[in-house]
Amino acid sequence: MILARAETPAGEIVLRRRDEVVELVVNGVFAMDSAEVSSELALADAAGSHPGRVLVGGLGLGYTAVRLLDAGAELVRVVELAEPLLGWAREGLTAELARVASDPRTELVAGDIAEQVDGTWDAILLDVDNGPGFLIHDHNQRVYAGDFLRTCVQALAPGGCLVVWCESASPDLASTLERIAGTVELISVPVTRQGRSFDYALYVAG
Ligand SMILES: C[S@@+](CC[C@H](N)C(=O)[O-])C[C@H]1O[C@@H](n2cnc3c(N)ncnc32)[C@H](O)[C@@H]1O
């Protein structure tokens, strides 16, 4: 069942429900569903048990943002490329999107995270695409490039961290982050989907 569909300058975005599972399709590519969100939650957890002020790239179905709010974050600014998704969150089309949009600690910003990093953050969490090896939006290549990642690291408060979600390990991304931040840690999140097992990768830098 289609819950909502919209055209955006970056392609179509569709929110749909299959039985109890909500799915998000971005630019014709399956982006995520609500059946398996352990890596979205692990992304938030990588910000630490006291998340403070957090900048999130990519709203998706809102699981990362909800986890941060539940953990007591002071501020969660979510930058989302597909503006209609922010409207669907404000309309409360799913429970998680409603929770994100209605919390006074949330700021929802329409835009490209690659152009929206300003101020100082305790954590910056990037989950906008599959990772540098398999892009939904070609223009997101710059999100995984040294210039932008350096901008993120420079925007971190002392002790802060930058976390990048990838659908598989990326040694190139790891070495870029290590060069910029000095250290990088890989958190593997094992996932089973439709009988297939694989590891999503979270890179923590800073
Ligand atoms: C996989 S989803 C994020 C999932 C999210 N972590 C969650 O817990 O539901 C990726 C989101 O990033 C958005 N996006 C893609 N490119 C972006 C960009 N350059 N800046 C901001 N958002 C972007 C997509 O529209 C989509 O909503």
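Colleague: In which strand does Ile187 lie?
Modeller: This is a predicted model, in which local features need pLDDT of at least 70, side-chain atom pairs count only at pLDDT 80 or more, and totals for chains, interfaces and linings use all residues. Residues are numbered from 1 along each chain as its sequence is written, and side-chain values use heavy atoms, with hydrogens and water left out. Helices (H or I, at least four residues) and strands (E, at least two) are DSSP runs, numbered from the N terminus. In these terms, the strand that holds Ile187 is E10.

Colleague: Is Ile187 buried, partly exposed or exposed?
Modeller: Buried means under 20% relative accessible area, exposed means over 50%, and partly exposed lies in between (1.4 Å probe, protein chains only). Because its relative accessibility is 26%, Ile187 is classed as partly exposed.

Colleague: Which residue of E11 is the bridge partner of Ser188?
Modeller: Two strands pair if DSSP finds at least two bridges between them. Strand E10 (residues 184–193) and strand E11 (residues 196–205) run antiparallel and are joined by 10 bridges. In E11, Ser188 has as its bridge partner Ala201.

Colleague: Which residue takes a positive phi in the hairpin of E10 and E11?
Modeller: This hairpin has 2 residues between its strands. The positive phi is near 45°, and the residue that takes it is Gln194.

Colleague: What is the relative accessible area of Asp19, a residue other than glycine with a positive phi?
Modeller: Asp19 has its place in the loop between strand E2 (11–18) and strand E3 (21–26). Its phi is near 55°. Asp19 is classed as exposed because its relative accessible area is 69%.

Colleague: How does Asn27 count: buried, partly exposed or exposed?
Modeller: Asn27 is found in the loop between E3 and strand E4 (29–33), and its phi is positive, about 55°, although Asn27 is not a glycine. Because its relative accessibility is 33%, Asn27 counts as partly exposed.

Colleague: With which side chain does the side chain of Asp112 make a polar contact?
Modeller: Asp112 is found in the loop between strand E7 (106–110) and E8. Because its relative accessibility is 10%, Asp112 counts as buried. Its side-chain contact has a length of 2.9 Å, and the partner is Arg142.

Colleague: Which residue of E8 stands opposite Val54?
Modeller: Strand E5 (residues 53–57) has 4 of its 5 residues buried. E5 pairs with strand E8 (residues 121–126) in the parallel sense over 4 bridges. In E8, the residue opposite Val54 is Ala123.

Colleague: Through which helix does the chain cross from E5 to E6?
Modeller: E5 and strand E6 (residues 75–80) pair in the parallel sense over 5 bridges. This β-α-β crossover is right-handed: with the strands pointing away from the viewer, the path from the first strand over the helix to the second runs clockwise. The helix in question spans residues 63–70 and is H2.

Colleague: How many residues surround the ligand?
Modeller: A residue is counted if one of its heavy atoms lies within 4 Å of the molecule. H2 and E6 each supply at least two residues of this shell, and the closest residues are Leu61, Thr64, Glu80, Asp127 and Asn140. The number of surrounding residues is 21.

Colleague: How much of the ligand's own accessible area does the protein cover?
Modeller: An oxygen atom of the ligand is 2.6 Å from an N or O atom in the side chain of Glu80. A nitrogen atom of the ligand is 2.8 Å from an N or O atom in the side chain of Asn140. Accessible areas come from the Shrake-Rupley method with a 1.4 Å probe, and for residues only the protein chains shown count as cover. Of the 610 Å² that the ligand has on its own, the protein covers 97%.

Notes. A polar contact is a pair of N or O atoms within 3.5 Å; within protein, one must be able to donate a hydrogen and the other to accept it, and residues adjacent in sequence count only if both atoms are side-chain atoms.
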